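User: Could you take me through this structure? I would like to begin with the surroundings of one ligand.

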Amino acid sequence: MSSQQKTFYIETFGCQMNFHDSEKVVGTLISEGYAQVQREEEADLILYNTCSIRDKAEQKVFNRLNDVKKLHKAGKRFAVLGCVAQQEGEKIFERAPYVSLVAGSASYQNLPEMLVQIEAGASRVTGLDDRETDQTFETEFTARTNPHRGYITIIEGCDKFCAYCVVPYTRGKERSRTSNSVLQEARRMADCGFTEIQLLGQNVSSYRDPAGKKSFAELLAAVGEVPGIRRVRFTTSHPCDFTKDIVDAIDAVPTLCDHVHLPVQSGSSRVLGSMFREYTREQYLERIAWIKATRNRELSITTDVIAGFPGETEEEFGESLSLLDEVGYDGVFSFKYSPRPNTPALQYADSIPDIEKSRRLLVLQEHQRELQRLSYRSHLGQTLEVMVEGKNPARGQLVGRTSQNKTLNFVVNGQPEPGIGDYVRVLVTQAFPNSLLGELAV
Ligand code: 5AD
Ligand code: SF4
């Protein structure tokens, strides 16, 4: 390519949805004649795909913009994409005048036109959508970064409006892709050598096939039956529409992984009510009972918990701790409550001091760590299949992931070394709270 080729740098903050959106944005930019570079200094266009789920995440992008604003003098263009873009909109131009594009995820379909405008010198291009958009961002150009394991978006947006959450405002209303188009993408990926697919959505369990052909559980099973696909995962589900047929599908189709991520947020039915989660602790536990009752496999269960939601009493916090004991999670993502713009929870008095929120978070994390220390030990002596995901030469180990989504590092003990993307069996010899260690089985 000539030295005049347009270049871009992109950095992604936040969740898997953002990560995958960036893969699509990268593909789109490349198809528009741009080349990706690894340093901001070398790029004509610098993009930040941002997250606003919690205040800390949002601050990161403004700090980042502040760090690099000196580069603006060199004639570079800056773009803010993602949830902060959608949330703050044109205010970003006031706060960071050197930014020339602000676009939320529901407008990426129009990225090529927006690029033309920036290239023509426009200084304030916006792609901001209200909640009414029906568009999903589909592109044949997705530049997947991992050649073995890839994401497929099946539903965008969220209609749940949990009291604390900004997502329904930043990612628009729920809109599902047809099962045909999802399956076509899965088959294309299998043809390209992918063996693991992760179905993505803010809330995959409320998937509704616009063509009316398949329920979420049926789509899951159908993706699992695509020849060449060995593992299928999905994230994330809302307990409210997590139905038993999803567990039945996992039980019946061997390629569906032994793992369910089912965010609970709190163990207290009163707090769940004030979060607008629309289920009680008991109803949540009913779903856990289905997951534990599979006949053919043992599923790992992970969750998200918020500590210090407005009005959460010490006793109600204790109910979150006892829920961890009762379910026996294999992983918990826990967060301090963070007030977010536009959300109904802003109306509640955020009466718990930050220091107390931090204390609860720490107590929760230590409690879970102890539970995991014990639960990970249950794998000692088992031989598990892993997909090889990487190498750690400093330790002479390979990095594998089990069907239950646990990291299992292993040594090969003089046997031929498997390649990245291979599936091998590993004997578990040591257990830690967040990972396992083993040796390649003979
Ligand atoms: N404060 C703290 N945690 C939050 N989450 C979403 N919004 C907030 C907030 N305002 C957490 C939830 C969700 C996860 C992705 O982030 O636990 O499941
Ligand atoms: Fe946010 Fe609730 Fe939607 Fe999840 S289900 S994205 S927590 S509003």
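Analyst: The shell around ligand 2 divides into 7 nonpolar, 2 polar and 2 charged residues. Here Ala, Val, Leu, Ile, Met, Phe, Trp, Tyr, Cys and Pro count as nonpolar, Asp, Glu, Lys and Arg as charged, and the others, Gly among them, as polar. This is a predicted model, where local features need pLDDT of at least 70, side-chain atom pairs count only at pLDDT 80 or more, and totals for chains, interfaces and linings use all residues. Residues are numbered from 1 along each chain as its sequence is written, chains are lettered from A and ligands numbered from 1 in the order written, and side-chain values use heavy atoms, leaving out hydrogens and water.

User: Which residues surround ligand 2?

Analyst: Among them are Cys158, Cys162, Cys165, His238 and Arg277; a residue is near if one of its heavy atoms lies within 4 Å of the molecule.

User: Switching topic: in what order do the strands of the open sheet run?

Analyst: The order is β7-β10-β11, with parallel pairing. Strands are DSSP runs of E, at least two residues, and helices are runs of H or I, at least four, numbered from the N terminus; two strands pair if DSSP finds at least two bridges between them.

User: Which are the edge strands?

Analyst: β7 (149-153) and β11 (231-235), each pairing on one side only.

User: And how many bridges join β10 and β11?

Analyst: They pair over 5 bridges, and Leu199 stands opposite Phe234 in β11.
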